[in-house]
Structure formats: C-alpha cells, structure tokens
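Hello,

Here is the structure I promised to pass on. My notes follow below it.

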Amino acid sequence: MKEKVQMQRRYFHTNETKELSFRMNMLKKLKKALLDYENELLAALKEDLNKSTSEAFLTELGPLYHEITFMLKHLPTWMKRKKVKTPLTHVGSKGYIHYEPYGVVLIIAPWNYPLQLAINPLIGAIAAGNCAIVKPSELTPATSGVITKMIENTFPEEYVCSVEGGVETSQALLAEKMDYIFFTGSVGVGKHVMKAASRHLTPVTLELGGKSPAIVCEDAQIAVTAKRIAWGKFLNAGQTCVAPDYVLVHDSKKEDFLKALQTEIKTLFQRKIDRGDYPTIVSDRHFARLIRFLQDGDVVIGGQHERNKRFIAPTVLTNVSWESPVMEDEIFGPILPVFSFSELDEVIEKVRERPHPLALYLFTESKETEEKLIHSLSFGGGCINDTVMHLATPYLPFGGVGESGMGAYHGEESFYTFSHRKSVLKQPTSVDLPIRYKESKLSLKML
Ligand code: NAD
C-alpha cells in the first residue's frame, strides 16, 4: 500500500494531473471505458445483486455518464481562479482563490450501488486534478472485479488504481497518509475511517446512512405519493442509502395510503419478481437480519421470501412499536414500517428523537407545512412530494448531516470537495503603506 501511495504522490508532484486538458482527457477516457465495459458491468451487477439491465442503467451507469458530461461542460469555468475584492487596508493588492487538488485521494465504496458509488467520487477526484486509489466492496466481487480490470486497462497505476479486498485491505490503506479520504458506507465504519484519518489529519467526506422518514400529510395526493414511495423504497430491494426507511401517514389517510401502496407495488414490481429480475439481498447475513424484522409488526403487504435465492418481496408492516428492532437501525431492505400520526408536531418530535437522517421526504400540497418541516428538522437532503430524485440532479449537493455524514458531492460540489481553496494575496512592491508598521491602537480591520 505504501508503495502505491508513494508512486501516486510522486506522479502527482509532476503537476501533470493538474492541467485542464489532462483532466478533460481523463474524464473522456473514463467515459469511453464505461462504454467499452458496459456489457461486462451489467452482467456483473446481475450476478452480484440480480439487478436488471434497466435498473442497473437507471441507477448505476446512467448517472455516471451524466456526471461526466456535466463535468466536461463546466470544468473549464469552475477551474478558473476566482478573483476576490480586497479591503482598503490592502490597497493596490489583488486577491484570488486558486483551486488546488489535494493529491492522493482514497475512495472506499460500499456494495449497494457498487459501480456508481465507486466511480462517481472518482469523477470528482479526476475533475479536481487528483490521483486516486479506489477500494470497491468485497461483497460484490463480480462488479469489483470488472471495476478493477477497467481501471487497470484505462489509467496508469501511478495515476488511478483499484485495490480489491475486505476490511484488512481497507484498514491497510487507511494506515497510509492520504491527502483526502472519501468514504461511503455505514455509520459504524465511518467512525473507524474518521479515527484513522485523524492520525494524519487527513480531511474526509463521510457519506453514511440512517433512518430516512417519509411523511404523508392529510392533504397529500395519495396515488402519486404511494407510487413514489413504493418506487424509492423497493428499488434495489430497499438497499438504497436514501430509501424511505419508514412512513408516517396522517391518520385520516392511512387506509387509502396502504391500499394505494399495494396497487403501486404490484404495478411497479410484480412483473420484475415474476421474471426473476427483482434484486436480491446482498448476503446470507443481511438476509437473516432482515427476515427477523418480519416479526416486528403485522405484515399487510408482501412478506414472501426465499432463503436460497436471498429474495424478499416488497413488504409493508403496520402495528410496529417504535422500540422494536426494525426501528433501531437503518433497515436497508424491502421492508417498510408504516406509522400514523394526528398532528405534525408529533412527527417533528419523533424524527428529532433519532439521529439526523440522510434524507427526508414530505408529501403535502401546503407551502406552510413544507416551510415548517424544512425549518424544524435537520436532514442531509430530501424531496417534497418525491423520493430519492434529489440525488439525481448534479445541481444539488448530495450528503448527510450529523450522524448521516459530513461533506457532499455531485456536480460542482464534487469539484469543490476534491479541491483545496488556496487563498493568495498578491502585493505590489512599489507601494508600501506605513500604517501597519506603526504602533497604534487602530485595528487594521477598522480602516
Ligand atoms: P460498510 O460500512 O460495511 O462498508 C463500506 C466499505 O468499508 C467497504 O468497502 C468495506 O470493505 C469497508 N470496511 C468495512 N469495515 C471496515 C473497517 N472496519 N475499516 C475500514 N474499512 C471497512 O457499508 P456497506 O455495508 O458496504 O454499505 C451499506 C451502508 O452504506 C449503509 O449504511 C448505507 O446507508 C451506506 N451508504 C451510504 C450512502 C451515501 O451516499 N450516503 C450510499 C450507499 C450506502
């Protein structure tokens, strides 16, 4: 690991990776590589998680093509030095911000979107002019294998490389001095990553998880609400960091909502299930954990499961206790507890009792309700009258807050995440105001 990092740092110091033309060429190369390996990647995603071609394209490959295209379009503008004003005390001088790459970036990825979450941060790292080491997930070996092969055949090792392996590999990489660490994964491992980073004071972005609520108000449009919640929750068999974890629906709409949910689940997923195209649970351990949650309430929709295929049907639970195991940690599977409420303040209280969620989804037609929730609750990001879609636009930074993470990326935010903003003040030597050299009670800021 040490050698890999040293090799990349030596290469970084040649300054080659910092040129705009270099960055643009590398982004184009990455796009071409994704196109060349598209079939292999799709086959690997099918093998690891039983993702259908359409789902894999929608949630893994498609967003990567979009992100690269967006970067190529805007990078020349973002990279420009930003001139800033100077105060009167600095008369004659000029100030500017120079966006500087950090150096060697370590990207640690999870298994749930094993391609997208390894390559999307890499796009940002390349755009900002860094070298990068990618550590894909060991739980999706087929996809991680293709990622490694694709990277090896596209980039020289001293610029970008992929290192496969599990916890020990990740820890060995974290023991080295990196210049930036971008981690996507669980809250628990995020803490280890931050601790390891603190040894070298390496800056980190932590993209973590949490229990993201969907709140359905009295005035919500029930049919479209149920459709969007069903889609966001059961996509990738619920193994999505921003999936609605549980629903809070107004008492008066609970019955209608459950009915509509049943219809939408059938329309959106039944054909996929019948064709054997519905994503599977990633491992036996994850399957066993999820199956235990079925005892935590009344199964009103779904509940069917097959251990040998690691298949769990989209499932909805009611009569769930807030203290039951299913409500302890992020569910991360196709099981959706539905609660009801009578006053919005109850909802605010319930959500505040828990760690800050990565996402929050509010379904209402009322601007007043929207404003109240936006001002009252802290969460990474979210949608009004939709789920998940906020992370599909490059114009919105994507990240958590509090326990759901720190830092953000996507689009312009990725460029800033992987760049240090270096402040430079340039003074002329011909003018030398005497005031700062004199003993005086006058603060320079007062001038
Ligand atoms: P994980 O934390 O178990 O593993 C993530 C990565 O960390 C893997 O590459 C793994 O090899 C490595 N790792 C595991 N243990 C480690 C240790 N002790 N030290 C160093 N590295 C270690 O996460 P996961 O199970 O792969 O993914 C699921 C989690 O990721 C969920 O909590 C989910 O919410 C979260 N997630 C967050 C986002 C986001 O964008 N915020 C996206 C996807 C997933």
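L106 stands opposite I181 in β6. Strands are DSSP runs of E of at least two residues, helices are runs of H or I of at least four, and both are numbered from the N terminus. Two strands pair if DSSP finds at least two bridges between them.

A word on the source. This is a predicted model, where local features need pLDDT of at least 70, side-chain atom pairs count only at pLDDT 80 or more, and totals for chains, interfaces and linings use all residues. Residues are numbered from 1 along each chain as its sequence is written.

Strand β7 (residues 204-207) also runs parallel to β6, joined by four bridges. Here F183 stands opposite L206. The chain gets from β6 to β7 through helix α8 (residues 187-199), in a right-handed β-α-β crossover. Right-handed means that, with the strands pointing away from the viewer, the path from the first strand over the helix to the second runs clockwise.

How many residues of β6 (residues 180-184) are buried? Five of five. Buried means 20 or more other C-beta atoms within 10 Å of the residue's own, with C-beta atoms placed from the backbone. Y180, F182 and T184 point one way, I181 and F183 the other. In a regular strand the side chains alternate between the two faces of the sheet.

Now the whole protein. It has 14 helices and 18 strands. Buried residues make up 44% of its 447 residues. Its C-alpha atoms fill a box of roughly 80 × 55 × 35 Å along the principal axes.

Best wishes

Notes:
Buried ≥ 20, exposed ≤ 12 C-beta atoms within 10 Å, placed from the backbone.
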